[in-house]
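Look at the structure shown here and keep the sequence beside it. The paragraphs that follow go through it one part at a time.

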Amino acid sequence: WDRKKALDNYLGIVKASLEAGVLPRCHFEDVTRADIYGFVVPFAVELMKLAEESKVPIKIRLCDTMGYGVPYPGATLPRSVPRLVHAMTHDAGVPSAQLEWHGHNDFYKVLINASTAWLYGVAGANGTVLGFGERTGNTPIEGLVFEYAMLTGSLNGMDTTAITDISKYLEENCSYKAPVTTPFVGENFNVTAAGIHADGVIKNEEIYNIFDTAGLLNRPLGVNITDKSGAAGIAFWVNQRLHLTGDKKIDKRHPGIEKIYEWVVKEFSTGRTASLSTEEMVGQVTEHLPEYFKSA
């Protein structure tokens, strides 16, 4: 086949779909390494002609199949996402409502490219749960959710606590545990190990938490206890564990907190590198703060 033959055959399939009452959704695979004005735009123009004749809003999905897209308007085609979207909306005449973006994360640009496509006129961005997808994965839906909120100032009815539920479901039913540093779902996402940070959040959580993670993700701020946590980190852990707020909070200068801190320092002085487990901390709190924590 030459390009004309390929185009004619593809258009034939689209026509057959229209005759069958099917809404065509045309995938432009590898568009970020394609000949934009030599083939892609003329191809889209022909599709829009069919859309006008049939009065059916034919959709076009721009697929960054190898993750080559970049968000810079100064970059050249076919890699520049802004220029690519502009070519589709202005030169090919594709309405924004009929454009989708589908990205891959080969160069760590999957979320910023999807956001850029949105900003330059693509109505829909494809996403997958936790970024699952071929090779390096696709745009994480949870990332798109918060990007949408930041761009528009609204969640538009979305319940973001479902993100945590999804992550737990995958761990419990699909044997998949997200890497601990994964945004929004990783075990360490909103957990600090530094005492100075814990000291700050005791005074005001906004000092070292990116947003209300308890309200939006049902994930309260956490602290990993190490020799760097300090007495402030231990006090924060205890107060959170026991749900102590306001005047009931235990101060970092409490004798029991100081004894636990001394034990932690001793543990790490002998070569320990791993943070304290919940079970170890419960044991220490039970021993040194029996009036607050009488049993595990």
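The face of helix α1 turned away from its buried side carries the exposed residues I13 and E19. Exposed means a relative accessible area over 50%, buried means under 20%, and partly exposed lies in between, with a 1.4 Å probe and protein chains only. This is a predicted model, in which local features need pLDDT of at least 70 and side-chain atom pairs count only at pLDDT 80 or more, while totals for chains, interfaces and linings use all residues. Residues are numbered from 1 along each chain as its sequence is written, and side-chain values use heavy atoms, with hydrogens and water left out.

Which residues of α1 are buried? They are L7, L11, V14, S17 and L18. These residues sit on the same side of α1 because they cover an arc of only 110 degrees around the axis, the arc being that of the directions from the helix axis to the C-beta atoms. They pack against β1 (25–28) and α2 (36–54). Such names follow DSSP runs numbered from the N terminus: helices are H or I with at least four residues, and strands are E with at least two. Helix α1 covers residues 3–19, and its 17 residues should span 24 Å at 1.5 Å a residue, which agrees with end C-alpha atoms 24 Å apart. The expected span is 1.5 Å times one less than the number of residues.

Next comes a pair of helices. Two packed helices are described by the angle between their axes and the distance between the axes. Helix α3 (residues 81–91) packs against helix α4 (residues 110–120) at an angle of about 35 degrees, and the axes are 9 Å apart. Axes here are lines fitted to C-alpha atoms, for helices over the stretch in contact, and angles run from 0 to 180 degrees between N-to-C directions. On the α3 side V81, P82 and V85 take part, and they meet N113, T116, A117 and Y120 of α4. Contact means heavy atoms within 4.5 Å.

Two loop residues remain. P73 is in the loop between β2 (59–64) and α3, and is partly exposed, with a relative accessible area of 45%. Not counting residues up to four places away in sequence, P73 touches S80, P82, R83 and Y120. N218 lies in the loop between α8 (213–217) and β6 (222–223). N218 and D165 are 53 residues apart in sequence, with their C-alpha atoms 9.1 Å apart in space.
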